Amino acid sequence: MTDAQRAVLEGWVRRRTTAQALAQRSRIVLECADGHSIMEVSRRLRVSADTVRTWRRR
């Protein structure tokens, strides 16, 4: 992930007007980019492991 991509995702997470689904997907991608496992991300963000797998692949 490039610095520019990371900046965009972090901006979506922080912005108040971002749709919650987009913010959640951004959090998942950022956590995975930081090297956390699928199970760890799913526990931290309280989403299913399948959801994390889907967004990690994309």
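Visitor: Which residues are buried in H2?

Guide: This is a predicted model, and burial is read here from relative accessible area, with values under 20% counting as buried. In H2, the buried residues are Ala23, Ser26, Ile28, Leu30, Glu31 and Cys32. The cover over the buried residues of H2 includes H1, H3 and H4.

Visitor: How many residues does H2 have, and what span does it reach from its first C-alpha to its last?

Guide: H2 has 14 residues and reaches 20 Å between those two atoms, close to the 20 Å expected at 1.5 Å a residue. After H2 comes Gly35, which has a positive phi near 95°.

Visitor: How many salt bridges does the structure hold?

Guide: Side chains of opposite charge can pair when their charged atoms come close. The structure holds five salt bridges. One of them joins Glu10 to Arg6, with 3.8 Å between the closest N and O atoms.

Visitor: Where do Glu10 and Arg6 lie?

Guide: An α-helix has 3.6 residues a turn, so residues three or four places apart point the same way. Both Glu10 and Arg6 belong to helix H1 (residues 3–14), where they are four residues apart, about one turn of the helix. Glu10 is partly exposed, with a relative accessible area of 29%. Arg6 is also partly exposed, with a value of 23%.

Visitor: Which side chain meets Asp34 in a salt bridge?

Guide: The side chain of Arg6 meets that of Asp34, at 3.1 Å from N to O. This pair links distant parts of the chain, 28 residues apart: Arg6 is in helix H1, while Asp34 is in the loop between helix H2 (20–33) and helix H3 (38–45). Asp34 counts as partly exposed because its relative accessibility is 45%.

Visitor: What does the salt bridge between Arg44 and Glu31 tie together?

Guide: The closest N and O atoms of Arg44 and Glu31 are 2.8 Å apart in this salt bridge. Arg44 lies in helix H3 and Glu31 in helix H2, so the pair ties together parts that are 13 residues apart in sequence. With 46% relative accessibility, Arg44 is partly exposed. Glu31, in contrast, counts as buried because its relative accessibility is 18%.

Visitor: Which residues do salt bridges that share partners join into one network?

Guide: The network consists of Arg6, Glu10 and Asp34.

Visitor: What is the phi of Arg46 near?

Guide: Most residues other than glycine have a negative phi. Arg46 has a positive phi, near 55°, although the residue is not glycine. Arg46 is found in the loop between H3 and helix H4 (49–57).

Visitor: Is Arg46 buried or exposed?

Guide: Arg46 counts as exposed because its relative accessibility is 77%, and the cut-off for exposed is over 50%.

Visitor: Where is Gly11 found, and what distance separates its C-alpha atom from that of Ala23?

Guide: Gly11 is in helix H1, and is partly exposed at a relative accessible area of 24%. Gly11 and Ala23 are twelve residues apart along the chain, and their C-alpha atoms are separated by 9.1 Å. Ala23 is one of the buried residues in H2.

Conventions. Residues are numbered from 1 along each chain as its sequence is written. This is a predicted model: local features need pLDDT of at least 70, side-chain atom pairs count only at pLDDT 80 or more; totals for chains, interfaces and linings use all residues. Side-chain values use heavy atoms; hydrogens and water are left out. A salt bridge is a side-chain nitrogen of Lys or Arg within 4 Å of a carboxyl oxygen of Asp or Glu. Buried means under 20% relative accessible area, exposed over 50%, partly exposed in between (1.4 Å probe, protein chains only). The expected span of a helix is 1.5 Å times one less than its number of residues. Contact means heavy atoms within 4.5 Å.
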